[in-house]
Amino acid sequence: MLLVLALVVEFLVLPQLAGTRKALDLLGEVDVRWLVAGVVLEIGAILAYAQLTRSLLPKHDRVSLLTTARITLATLGISHVVPGGTVAGAGLGYRLLMRAGVTAPDAGFALATQGLGSAVVLNALLWVGLVVTIPLRGFHPLYGTAAVLGVLLLGGFAAAVLLLTKGEDRAAKLMCRLARPIPFLQPEDVDAFMRRISARLQTLLADRPLLLRAAGWAALNWLLDAASLWVFLTAFGHSMGPDGLLVAYGLAYVVAAIPVTPGGLGVVEAVLTSMLVAFGATRGIAVLGVVSYRLVNFWLPIPLGAAAYLSLRMDRPYREEVAEAVAVRQSVGDTT
């Protein structure tokens, strides 16, 4: 019911704020080719995110891009439905990767590194935009909020990396102590899991080409998604400069990292619209551009994610791939 209410507000109420007549005039003048290009760019962003996941998996655990893309769509769909949905999406992605034959530590490491690394890259892009924009356009109060959130995120990420690479024993003991009261969770399994995660992280940090590839895929995901927003704005007649676009986009998603609503619903729209207007777009174009962009970015992955999840459950080659992977692991375990 809340999602239906949000759908009504986003696509019926928000355009009214821009003025009914202006909104209808803009809709009548929209260039459909730009809309198609925006959808294509959004598909590219999802594929880049799926490739980021694949790049963080060991070669012996790496599944096909098609399977990873469907897992990515399924996780996006659930994360856009449930409040604090990033956690639910990560849990579903973890299960689906394991069903595809990926070991538990490798799946956990890939998803955790994917989420944290992607957030770090987003903050880096935002800071690049701020360095260019502030001297040209001045300071906005939201810049300070985003800067504080970014510093906290980067500080937490640095602390986690330091703990797992330099204090492996301490991290493992801490997690075992936390896991001891939890039923069906054995401390020795947690200890082995943490040590495997630590080993994978050390391997990643030592492999600079892999680290650069992962950062590149994360940056490509964000840049293609931001380009999709630019295209939707252009479809309604406003060409946004790259500095203003990057700052508005980065601010919206850094603020939306606070898990108040699923997928930043409402937060992204409010911040994007106000910032785009501040950077020169008319309110009508900002509202319709953001609403069109969020239709593809937020709402479309919900039904597509459900379809992707069902296809994974029903796909016969996928089930055979899982069975073969399980058989190989059992034979290796028996040999050992």
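The legends below describe close-up views of a predicted model.

**View 1. Helix H4, residues 65-79, and its burial.** At 1.5 Å a residue, the 15 residues of H4 should span 21 Å, and the end C-alpha atoms are 21 Å apart, which agrees. Of these 15 residues, 11 are buried, so H4 is largely enclosed by the rest of the structure. The buried residues are Thr67, Thr68, Ala69, Arg70, Ile71, Thr72, Leu73, Ala74, Thr75, Gly77 and Ser79.

**View 2. The crossing of helix H12 (residues 267-278) and helix H13 (residues 283-299).** The two axes come within 9 Å and cross at roughly 145°; the crossing is right-handed. From H12, Val268, Glu269, Leu272, Thr273, Leu276 and Val277 take part in the contact, and they meet Arg283, Ala286, Val287, Val290, Tyr293 and Arg294 of H13. By class, the contact residues are 8 nonpolar, 1 polar and 3 charged.

**View 3. The aromatic cluster of Trp222, Tyr249 and Tyr253.** The model has a count of 5 aromatic pairs. Trp222 and Tyr249 form an edge-to-face pair, 6.1 Å centre to centre with 70° between the planes. Trp222 lies in helix H10 (residues 208-235) and Tyr249 in helix H11 (residues 242-255), so this pair ties together parts that are 27 residues apart in sequence. Trp222 and Tyr253 form a tilted pair, with 5.9 Å between centres and 55° between planes. That pair also links distant parts of the chain, with Trp222 in H10 and Tyr253 in H11, 31 residues apart.

View 4. Trp222 counts as buried because its relative accessibility is 15%, under the 20% cut-off.

Conventions:
Residues are numbered from 1 along each chain as its sequence is written. This is a predicted model: local features need pLDDT of at least 70, side-chain atom pairs count only at pLDDT 80 or more; totals for chains, interfaces and linings use all residues. Side-chain values use heavy atoms; hydrogens and water are left out. Helices (H or I, at least four residues) and strands (E, at least two) are DSSP runs, numbered from the N terminus. The expected span of a helix is 1.5 Å times one less than its number of residues. Buried means under 20% relative accessible area, exposed over 50%, partly exposed in between (1.4 Å probe, protein chains only). Axes are lines fitted to C-alpha atoms, for helices over the stretch in contact, and angles run from 0 to 180 degrees between N-to-C directions. A crossing is left-handed if the near helix is turned anticlockwise from the far one by less than a right angle, and right-handed if clockwise. Contact means heavy atoms within 4.5 Å. Ala, Val, Leu, Ile, Met, Phe, Trp, Tyr, Cys and Pro count as nonpolar, Asp, Glu, Lys and Arg as charged, and the others, Gly among them, as polar. Rings of Phe, Tyr and Trp (its six-membered ring) pair if their centres lie within 6.5 Å; planes under 30 degrees apart count as stacked, over 60 as edge-to-face and the rest as tilted.
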